[in-house]
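User: Hi! I'd like to walk through this model with you, a bit at a time. Shall we start with the charged pairs?
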Amino acid sequence: LVHIDYDMKKIVCLLIVIILLLYFIAFPQNALNASRQGLLLWYRQILPALLPFSILSYVVLRSNLFSILGSSRQSRISTEEWYVILCGFLFGFPIGSKLTADLYREKRISCDRAQILCVFTNNLSPVFVTAAMQEIISIKPDLPFYLLLYGTPFLYGIIWLLCNSSRNTNKQKNTASRFQITMQIVDAGIINGFETLIKICGYIMMFSILTKMLQSIPWNTAFIPLFMTGCMEVTNGIAMLGQSDIAFHYKYLLALFFLSLNGICGLFQTASVLSRTDLSMKDYCKHKLQIILLTLTGGILLLLTGRLS
């Protein structure tokens, strides 16, 4: 089964590469414009927002700052885990999965806890969500929207961590280490930050081209390219949602879905961040799907009870 999964991954990647090459050959100007749009999105929004924190988070972990803060053995959620939760929800995707991968590689958290931690902390930042909903889709996010989008994964992850009793055997050794910071740690943090962001740039550009291809197909209905674009890449999906003429209630639910999913592009970025660990993307997708279903269920209940206006 593992061999079959590996072969399927190779086939999918090969098909994507072939499709992109054919599109570049057949429509070079469209491909160039899409690539430029993806690069500008990365340069203007992703790079300045994530690079500084990516560097700082690396320095915090490698300098063992948590030794100063301390950690209680009786606590079911460690200081390191709370750090990942806080940063993941505040600074946005894919910081949660990156920090989890860093902690797991250093054996500060167990595999089971890392597997769920990298899922529910991997959310779009509140700043991005507010800007996208207000400026692009012209919908002001209300308290129920934020509670569904962020409260659902938070409760899902916290309950799972509290119910899971697995612990890392090397935790006592790691927390006993002394705090230290050197220029080598800072330099390594800068290199690590740029390496992560460059990978993200590549995926954004690739999926920007794929999204352009979807939009150029003459569909019979406008909903199909809208839905497929939102599933592929969240920024373009939200932009198309804002320009569509569908009812407000369905815009609300689709916005919840697109923002919860983070797009297939986001899944590829997460897979890249977790590639140096043995954390399972299959388990990641399973937990992510459950969170999305719970979020949409809450949105549908609001719709049925007439609380959306």
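User: Which side chain meets Arg113 in a salt bridge?
Analyst: Glu81 does, with 2.6 Å from N to O. Arg113 sits in helix H6 (residues 111–120) and Glu81 in helix H4 (residues 79–91), so this pair ties together parts that are 32 residues apart in sequence. A salt bridge here is a side-chain nitrogen of Lys or Arg within 4 Å of a carboxyl oxygen of Asp or Glu. Helices (H or I, at least four residues) and strands (E, at least two) are DSSP runs, numbered from the N terminus.

User: Before I go on, what kind of model is it, and how are things counted?
Analyst: This is a predicted model, where local features need pLDDT of at least 70 and side-chain atom pairs count only at pLDDT 80 or more, while totals for chains, interfaces and linings use all residues. Residues are numbered from 1 along each chain as its sequence is written, and side-chain values use heavy atoms, with hydrogens and water left out.

User: Good. Back to that pair: is Arg113 buried or exposed?
Analyst: Arg113 is buried, at 2% relative accessibility. Glu81 is buried too, at 3%. Buried means under 20% relative accessible area, exposed over 50%, and partly exposed in between (1.4 Å probe, protein chains only).

User: How many salt bridges does a search of the whole structure find?
Analyst: The search finds 6. One of them joins Lys199 to Glu195, whose closest N and O atoms are 3.9 Å apart. Those two residues are 4 apart in helix H10 (residues 183–216), about one helical turn. Lys199 is partly exposed at 32%, and Glu195 is partly exposed at 29%.

User: And which side chain meets Glu195 at 2.3 Å, N to O?
Analyst: That is Arg276, again in a salt bridge. Glu195 lies in helix H10 and Arg276 in the loop between H14 and helix H15 (281–304), so the pair ties together parts that are 81 residues apart in sequence. Arg276 counts as exposed, with 51% relative accessibility.

User: Which residues are linked in a network of salt bridges?
Analyst: Lys98, Asp102 and Arg105 make up that network.

User: Let's switch to helix H14. What does Gln269 touch?
Analyst: Leaving out residues up to four places away in sequence, Gln269 touches Phe93, Ile200, Tyr203 and Ile204. Contact means heavy atoms within 4.5 Å. Gln269 belongs to helix H14 (residues 263–273) and is buried, at 7% relative accessibility.

User: Now aromatics. How many aromatic pairs are there?
Analyst: The count is 14. The rings of Phe257 and Phe258 have centres 5.9 Å apart and planes at 55°, so that pair is tilted. For the rule itself, rings of Phe, Tyr and Trp (its six-membered ring) pair if their centres lie within 6.5 Å; planes under 30 degrees apart are stacked, over 60 edge-to-face, and the rest tilted. Phe257 is buried at 17%, and Phe258 is buried at 0%.

User: Which residues form one aromatic cluster?
Analyst: Phe89, Phe120, Tyr146, Tyr150 and Phe154 do.

User: What about greasy surface: which residues form a nonpolar patch?
Analyst: Leu14, Ile18, Leu22 and Ile25 form one, with about 420 Å² of accessible area together. Patches take residues with over 30% relative accessible area and no salt bridge, joining like charges within 9 Å and nonpolar side chains (Val, Leu, Ile, Met, Phe, Trp, Tyr) within 5 Å. Accessible areas come from the Shrake-Rupley method with a 1.4 Å probe, and for residues only the protein chains shown count as cover. Ile18 lies in helix H1 (residues 2–26) and is partly exposed, at 38%.

User: Zooming out, how many helices and strands are in the chain?
Analyst: The chain has 15 helices and 0 strands. Of its 309 residues, 47% count as buried. Its accessible surface is about 16,000 Å², with 67% belonging to carbon and sulfur atoms.

User: Last one: where does pLDDT stay under 50?
Analyst: Over residues 169–176, for which the model has 13 contacts beyond four places in sequence. pLDDT is the predictor's confidence in each residue, from 0 to 100. Where pLDDT is low, the predicted coordinates should not be read in detail. The chain averages 81, and 84% of the residues score at least 70.
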